[in-house]
Amino acid sequence: VQLQASGGGLVQAGGYLRLSCAASGSISSYNVMDWYRQAPGKQREFVARITSVGSTSYLDSVKGRFTISRDNPKNTVYLQMSSLKPEDTAVYYCAYVSGTTFYWGQGTQVTVSS
């Protein structure tokens with residue numbers, strides 16, 4: 001499985017961005033796709049998850065601001081981020097989860113200026 005993430009950039013606090021992640025390769029009919037992020041000097045943390053049937057879960061600090069969605073025919077997952085805060089600054093990674101195996105994308109930088 002290969003993942004290609006895009007959509008990061010520099011935005012002012014209160015702004016918005018939409019990240020995309022396209023998966024290719026051996027995609028199973030039931031799968032889970034996640035977004036994680038890693039800020040400088042910090043561990044990678046879970047941000048959001050969506051299953052192939054549309055169930056979602058979020059990191060508490062992004063609930064109400066971030067929305068994860070997916071386009072199954074395109075094997076693409078999106079992360080709509082709004083009301084961005086400087087503490088959202090990080091490299092964002094998408095992941096395809098199959099059982100206990102994680103396949104990672106290359107990451108896309110999101111920088112929120114105050």
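1. A charge sits over a ring if NZ of Lys or CZ of Arg is within 6 Å of the ring centre and within 35 degrees of the ring normal. In this predicted model, the charged end of R44 sits over the ring of W104, 4.5 Å from its centre, and the charged end of R44 also sits over the ring of Y93, 3.8 Å from its centre.

2. This is a predicted model, in which local features need pLDDT of at least 70 and side-chain atom pairs count only at pLDDT 80 or more, while totals for chains, interfaces and linings use all residues. Residues are numbered from 1 along each chain as its sequence is written, and side-chain values use heavy atoms, with hydrogens and water left out.

3. Rings of Phe, Tyr and Trp (its six-membered ring) pair if their centres lie within 6.5 Å, and planes under 30 degrees apart count as stacked, over 60 as edge-to-face and the rest as tilted. Six aromatic pairs are found in a search of the whole structure. The rings of Y36 and W104 are edge-to-face, because their centres are 5.1 Å apart and their planes stand at 75 degrees.

4. F102 and W104 form a stacked pair, with 5.7 Å from centre to centre and 20 degrees between the planes. Ring pairs join Y36, F46, Y93, F102 and W104 into a cluster.

5. R37 is buried (under 20% relative accessible area, with a 1.4 Å probe and protein chains only; exposed is over 50%, and partly exposed in between), since its relative accessible area is 5%. Y36 is likewise buried, at 14%, whereas W104 counts as partly exposed at 36% relative accessibility.
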